[in-house]
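I opened my notebook today to go through this model from the overall fold down to single residues. Here is what I looked at.

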Amino acid sequence: MHVEVLSALLCLVATAYAGCPLGFHQNRRSCYWFSTIRSSFAEAAGYCRYLESHLAIISNKDEDSFIRGYATRLGEAFNYWLGASDLNMEGRWLWEGQRRMNYTNWNPGQPDNAGGIEHCLELRRDLGNYLWNDYQCQKPSHFICEKERIPYTNSLHANLQQRDSLHANLQQMDSLHANLQQRDSLHANLQQRDSLHANLQQRDSLHGNLQQRDILHGNLQQRDSLHGNLQQRDSLHGNL
Ligand SMILES: [Ca+2]
Ligand SMILES: [Ca+2]
């Protein structure tokens, strides 16, 4: 998940609430969040979990009417993921991979498992104002999260706990960010060390050259000295 998106989500729900978190819409015993972002089915499930909720489960006609009605009033999204799939077994649709569907409202002709690759439940605007369709799970789509409404008497305590929990998540994200910065800093130090090492090797190499020069210089002096000796010998020979 992207940190920016998470922060936006956290700001949304960190505000104190009675019944439903800010941004969630209440219907009977549940609260629903109609996402403002799009993601794959699996990522959408992850976002909902992070908001201490789950992809919406539609149990009856009343809930279906509320959700489809609200989506139609919003009129913003082309489609929404709900929390059902037939990923485990083709044609066997389950809520959250476990619960059988007692109520359905498929668009006529759906689910059709088009192309053999449609395994996730979406509501689609151009199918009778958000009737149900099976669609490709990896496609980015809006989604709907659902969580149980918190009874008013418990809500303050629950709010405080949720706030603390979200606060801890934010701190963890900050800590990860700090670790990443530290890693970058260590990396920079290692690069600097390598650079210094290269300089030392260059210095050693220059030192080697100087020693070689001194040796050559010594050889030249020795040659000059031999030359002097030869001249002296020639001079002595001349005298003889
Ligand atoms: Ca399917
Ligand atoms: Ca389909």
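**Entry 1: the elements.** Before reading off the fold, I noted what counts: helices are DSSP runs of H or I with at least four residues, strands are runs of E with at least two, and numbering starts from the N terminus. I also reminded myself that this is a predicted model. With that settled, I found 4 helices and 9 strands in the protein chain. From the N terminus on, I read their order as α-β-β-α-β-α-β-β-β-β-β-β-α.

**Entry 2: overall shape.** I checked the radius of gyration next: it is 38 Å for the protein chain, well over the 18 Å from the globule rule for 240 residues, so the chain is more spread out than a compact globule. The C-alpha trace spans about 135 × 50 × 30 Å along its principal axes. I then looked up burial, and 22% of the 240 residues count as buried. Among contacts with a separation of 6 or more, 67% join residues 24 or more positions apart.

**Entry 3: the record.** I turned to UniProt, where an unreviewed entry lists residues 27-146 as "domain: C-type lectin". In the model, the end C-alpha atoms of that span lie 10 Å apart. I noted its make-up as 20% helix and 28% strand.

**Entry 4: the nonpolar core.** Which residues have the most contacts inside the largest nonpolar core? I found Leu55, Leu82, Ile144 and Cys145, in a core of 31 residues. Elements giving two or more residues to this core include α2 (41-50), α3 (61-74), β4 (79-85) and β9. The most comes from α2, with 5 residues. As general background, nonpolar side chains tend to be buried together in soluble globular proteins.

Leaving out residues up to four places away in sequence, Leu82 touches Leu55, Ala56, Ile58, Leu121, Glu122, Leu123 and Ile144.

**Entry 5: Arg149.** Where does Arg149 lie? I placed Arg149 in the loop between β9 (142-148) and α4 (152-239).

I listed the partners of Arg149 beyond its neighbours within four places in sequence: Gly19, Cys20, Gln26, Arg29, Ser30 and Cys31. I also looked up Arg28, which is 121 residues from Arg149 in sequence and 8.1 Å from Arg149 in space, C-alpha to C-alpha.

Terms used
Residues numbered from 1 in each chain as written. Chains lettered and ligands numbered in written order. Predicted model: local features only at pLDDT ≥ 70, side-chain atom pairs only at ≥ 80, totals over all residues. Contact = placed C-beta atoms within 7 Å. UniProt positions renumbered as here; feature names shortened; annotations may be inferred. Rg over C-alpha atoms; globule rule 2.2 N^0.38 Å. Buried ≥ 20, exposed ≤ 12 C-beta atoms within 10 Å, placed from the backbone. Core = buried A, V, L, I, M, F, W, Y, C linked by C-beta atoms within 7 Å.
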